[in-house]
Amino acid sequence: MGEQVTNAEQSRTRPWRCQAAVLTPPGRGAVATLVVDGPDATQAVSRLFRPATGWQLDRCPPDRVVFGYWVPHADPNAAPARGAEEVVVCRHSAERIEVHCHGGSAAVEHVLGTLAAAGCEPVPAADWVLRHSGDRLVAEARLALARARTVRAAAVLLDQHRGALSHCVAEAIEHIGAGRLDAAEQTLAATRRWSAFGQRLVQPWQVVLVGRTNAGKSSLLNTLLGYRRSLVDSAAGTTRDVLTAVTAVGGWPVEFSDTAGSRSAASELESEGIARAVRQAAAADLLVVVTDLTVPWSAEDERWVQTAAQEPVIVHNKCDLVSVIPADRPPGLVTSAVTAAGLPELLDRIAQRLVPTTPPSGVAVPFLAHHDQGLSLALQALREGRPERASRLLRELLDPCGA
Ligand SMILES: Nc1nc2c(ncn2[C@@H]2O[C@H](COP(=O)(O)OP(=O)(O)O)[C@@H](O)[C@H]2O)c(=O)[nH]1
Ligand SMILES: [Mg+2]
């Protein structure tokens, strides 16, 4: 019997009619999820998966979660070798199976590689998700959701995955079809209101720490993050490059950049670091100007405050070293990177400045740049008296095959 199957296996010349995609993002989380999809999905997975219970996959009831081992070759007779990859398989239907393995890249590559070697075509998750969705916005929300960095960001993206944004776009198309152009305009304008916010759920808000050398930027960031990501040294000019780290502030994903400090006697290398700091500052959503309470407020501090396109957050650091805060300094937050005094207030202020208002739950939030572009072009078309064009642009947003 086993021999017959092996012969059949050997005589099999056509590839499996199935595809495999990794649905979880690389390198994050303890578990990775792959989907194997297509008419030969059950056959392909059965050749590689050995249920620990000895069951046969094609006899398992749908949606049963089955623990077992992944063998290194698509051989129906192969027994799991010592150290075989432990996986959990869930067969949703004969043609769609999920494989959950260890989240590390080696395990994922192993499972995907053996499937590919067996003739199952690996495809990018985005392609698979888009092809299996009737609605591009919902599919894009699913992909963004897999990469969400905070629970709060995920909650907003989940609303979009449940159709909040699609409903608004569909509603605007309906208004246009019924000649209610004002209503369509209102719907689109209201939705666009959350575009800048929504895009930050996918690409974190950027907060840049600037200021004079030795003010305590790197120390402050280390304390904020709770670990030593930046290099701190008491010799002036240590932080020569821009270091970044993403963390949650008020539940939102925020990328902090620690920049080179400025000082008049800077070397050429440091000057390049300072130039980068200035460039980074220009692209920031918010600047935090860190100043040193143990030295008088200076023209250099003032210059950093003036660099900011919008009002920066001013931090008077090293409060543990002074007993009285000098009255001649501009209003700001008083902190210590050593004792962590003032850091909760600093985080609150940053969250408040970055996200002054949040969308009510269930509201449509455009979360990719092309959403905002599509909505804005559609609005423009409506205002120019071209409702057909507006309607076409909106339908393109929903179309899984659209650009
Ligand atoms: N006592 C005290 N020392 C600090 C504080 N913040 C930074 N420092 C010290 O000041 C020096 C310069 O700090 P650093 O973070 O490298 O400054 P940067 O050049 O602005 O990045 C280091 O010796 C730090 O340990 C603080 O709040 N209190
Ligand atoms: Mg530094």
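My entries below go from the ground rules to salt bridges, a helix, some single residues and the ligand.

**Ground rules**

This is a predicted model, so I noted that local features need pLDDT of at least 70, that side-chain atom pairs count only at pLDDT 80 or more, and that totals for chains, interfaces and linings use all residues. Residues are numbered from 1 along each chain as its sequence is written, chains are lettered from A and ligands numbered from 1 in the order in which they are written, and side-chain values use heavy atoms, with hydrogens and water left out.

**Salt bridges**

I looked up how many salt bridges the whole structure has, and the search finds nine. The term means a side-chain nitrogen of Lys or Arg within 4 Å of a carboxyl oxygen of Asp or Glu.

I started with Arg17 and Asp40, whose side chains meet in a salt bridge at 3.2 Å, N to O. Arg17 sits in the loop between α1 (2–11) and β1 (19–22), and Asp40 in the loop between β2 (31–37) and α2 (41–48), 23 residues apart. Is Asp40 buried or exposed? Asp40 is buried, because its relative accessible area is 1%. Arg17 counts as partly exposed at 46%. For these words, buried is under 20% relative accessible area, exposed is over 50%, and partly exposed is in between (1.4 Å probe, protein chains only).

Next I checked Asp372 and Arg192, which form a salt bridge with their closest N and O atoms 2.8 Å apart. Asp372 lies in helix α14 and Arg192 in helix α8, so this pair ties together parts that are 180 residues apart in sequence. Asp372 counts as buried at 16% relative accessibility, while Arg192 is partly exposed at 31%.

Arg383 and Glu185 form a salt bridge too, at 3.1 Å between the closest N and O atoms. Arg383 is in helix α14 and Glu185 in helix α8, 198 residues apart.

**Helix α7**

I looked up helix α7 (residues 164–177): it has 14 residues and reaches 20 Å from its first C-alpha to its last, close to the 20 Å expected at 1.5 Å a residue. The expected span is 1.5 Å times one less than the number of residues. Its buried residues include Leu165, Ser166, Val169 and Ile173. Among the elements covering the buried residues of α7 are α5, α8 and α14. Just after α7, Gly179 takes a positive phi of about 80°.

**Asp135**

Asp135 lies in the loop between α4 (125–131) and α5 (136–146). I found Asp135 buried yet without a salt bridge, as the nearest side chain of opposite charge, Arg136, is 8.3 Å away. (Lys and Arg count as positive, Asp and Glu as negative; His and the chain ends are not counted.) Its side chain does reach the backbone nitrogen of Leu137 at 2.8 Å.

**Cys101**

Cys101 is found in strand β6 (residues 96–102). Cys101 counts as buried because its relative accessibility is 3%.

**Ligand 1**

Which residues come nearest to ligand 1? Of the 18 residues around it, Asn214, Lys217, Ser219, Asp320 and Ala337 do; being near takes a heavy atom within 4 Å. A backbone N or O atom of Asn214 lies 2.7 Å from an oxygen atom of ligand 1. For Lys318, a polar side-chain atom lies 3.2 Å from a ligand 1 oxygen.

Notes
Helices (H or I, at least four residues) and strands (E, at least two) are DSSP runs, numbered from the N terminus. A polar contact is a pair of N or O atoms within 3.5 Å; within protein, one must be able to donate a hydrogen and the other to accept it, and residues adjacent in sequence count only if both atoms are side-chain atoms. Contact means heavy atoms within 4.5 Å.
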